[in-house]
Amino acid sequence: MDAAATLRGYFDLTRAGNAVASGVLTFVGAYVTGGAFDAPAAVAAAVVATVFGVAAGNAINDYFDRDIDEINAPERPLPRGAVSPRGALLFSAALFVGAVGLALTLPPLAIAIAVVNLVALVAYTKVFKGLPGAGNAVVAYLGGSTFLFGAAAVATPGSAALVLFALAALSTLSREIVKDVEDVEGDRSEGLRTLPIAVGERRSLHLANGLLLVALLLSPAPYLLDALGVAYLIVVLPALGLLLYAGYRSYADPTAGQSILKYGMFVATVAFVIGRAVPAA
């Protein structure tokens with residue numbers, strides 16, 4: 001295989017879009033907290049550490065998942081032969097080293113969050129992924145913690161950042177459960193006991209929608225706590241509509257449901273940004 005194909009394989013291992021998006025969410029956490037532009041060096045370190053850490057986690061996940069990906073995702077770099085298993089492992093280790101080095105320049109709370117996250121990223125596939133619901137919960141925590149990490153890089157996370165973490169974690173957990181419903185065939189063939197395999201697809205979708213309802217109930221909190229103004233409420237309402245519609249669609253089409261969930265999560269994040277940008281009346 002030529003060098004260009006190998007380089008593309010390493011790039012694909014990182015799932016760059018996902019890694020960069022996580023870095024953006026880290027910035028959002030700092031911005032919502034109100035210190036993004038007061039400590040630019042800390043924010044930059046947190047953002048790049050997040051990108052490196054998520055990319056490293058994606059690479060090591062592909063290393064551990066190389067057999068199951070032959071069924072569920074044959075286009076990934078390892079199943080298609082673009083990268084060797086050893087190469088993926090070393091690449092992941094290098095990215096982890098970079099993430100740790102940057103995280104150590106941050107305040108103690110941010111360092112603690114980074115340590116927990118890096119351990120969770122390494123342990124996810126080998127320890128948690130095959131346990132019903134456990135792997136989903138780890139991914140949900142990691143998704144929400146990007147906001148906390150960004151907030152902790154500049155200050156003690158306030159109510160807006162904490163609610164943003166909770167909403168992101170709940171909606172991510174819901175989406176991960178729906179994705180497991182989508183992947184039941186491949187997971188069952190590998191002997192994994194994901195939540196839909198353990199308790200049934202319908203029950204899993206009920207749980208996913210229940211989590212979305214909890215997120216809906218929490219969503220007004222930043223406004224009620226005077227952390228964000230009415231502009232936040234105006235923008236978050238369409239996001240909640242998307243999340244509820246996604247839950248409904250998931251029963252008939254899990255692929256479409258989890259895709260719509262992603263857009264709803266994006267709009268909800270925008271609501272927090274606008275809520276911070278527009279002063280409360």
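In this tour a residue is called buried when its relative accessible area is under 20%, exposed when that area is over 50%, and partly exposed in between, with a 1.4 Å probe and protein chains only. The model is predicted, so local features need a pLDDT of at least 70 and side-chain atom pairs count only at pLDDT 80 or more, while totals for chains, interfaces and linings use all residues. Residues are numbered from 1 along each chain as its sequence is written, and side-chain values use heavy atoms, with hydrogens and water left out.

**Stop 1: the end of helix α1**

Begin by selecting Thr14, which is placed in helix α1; helices (H or I, at least four residues) and strands (E, at least two) are DSSP runs, numbered from the N terminus. Thr14 is buried, at a relative accessible area of 10%. Leaving aside residues up to four places away in sequence, Thr14 touches Ala19, Ala55, Asn58, Phe91 and Leu95, where contact means heavy atoms within 4.5 Å.

Move on to Arg15, in the loop between α1 and α2 (16-33). Arg15 is partly exposed, with a relative accessible area of 28%, and its backbone deserves a look, since Arg15 has a positive phi of about 50° although it is not a glycine. Most residues other than glycine have a negative phi.

**Stop 2: α1 against α5**

Now show α1 together with α5, whose axes come within 11 Å and cross at roughly 55°. The axes are lines fitted to C-alpha atoms, for helices over the stretch in contact, and the angles run from 0 to 180 degrees between N-to-C directions.

To see the contact itself, select Tyr10, Leu13 and Thr14 on α1, and Gly87, Ala88, Phe91 and Leu95 on α5. By class, the contact of α1 with α5 has 5 nonpolar, 2 polar and no charged residues, with Ala, Val, Leu, Ile, Met, Phe, Trp, Tyr, Cys and Pro counted as nonpolar, Asp, Glu, Lys and Arg as charged, and the others, Gly among them, as polar.

**Stop 3: salt bridges**

The structure holds 6 salt bridges, each being a side-chain nitrogen of Lys or Arg within 4 Å of a carboxyl oxygen of Asp or Glu. Select Asp12 and Arg80, whose side chains meet in one of them at 2.8 Å, N to O. Asp12 lies in helix α1 (residues 3-14) and Arg80 in the loop between α4 (69-72) and α5 (85-103), so the pair ties together parts that are 68 residues apart in sequence. Asp12 is buried at 15% relative accessible area, whereas Arg80 is partly exposed at 34%.

Next, select Arg76 and Asp62, which form a salt bridge with their closest N and O atoms 2.7 Å apart. This pair links distant parts of the chain, with Arg76 in the loop between α4 and α5 and Asp62 in helix α3 (residues 40-64), 14 residues apart. Arg76 counts as buried at 14% relative accessibility, and Asp62 is buried too, with a relative accessible area of 1%.

Then turn to Glu176 and Lys179, where the salt bridge has an N to O distance of 3.5 Å. Both residues, Glu176 and Lys179, lie in helix α8 (residues 159-182), 3 residues apart, about one turn of the helix. Glu176 counts as buried at 11% relative accessibility, and Lys179 as partly exposed at 25%.

**Stop 4: α7 against α8**

Show helix α7 (residues 134-154) beside α8: their axes come within 7 Å and cross at roughly 155°. The helices α7 and α8 are therefore roughly antiparallel to each other, and α7 passes α8 in a right-handed crossing. Residues of this contact include Tyr141, Phe147 and Leu148 of α7 and Phe165, Leu173 and Glu176 of α8. The residues of the contact of α7 with α8 divide into 15 nonpolar, 4 polar and 2 charged.

**Stop 5: Asp226**

Finish at Asp226, found in the loop between α12 (221-224) and α13 (230-252). Asp226 has a positive phi of about 60° although it is not a glycine, and at 70% relative accessibility Asp226 counts as exposed.

Key: Parallel < 35°, antiparallel > 145°, perpendicular 65-115°, else oblique. Left-handed = near helix turned anticlockwise from the far one by under 90°.
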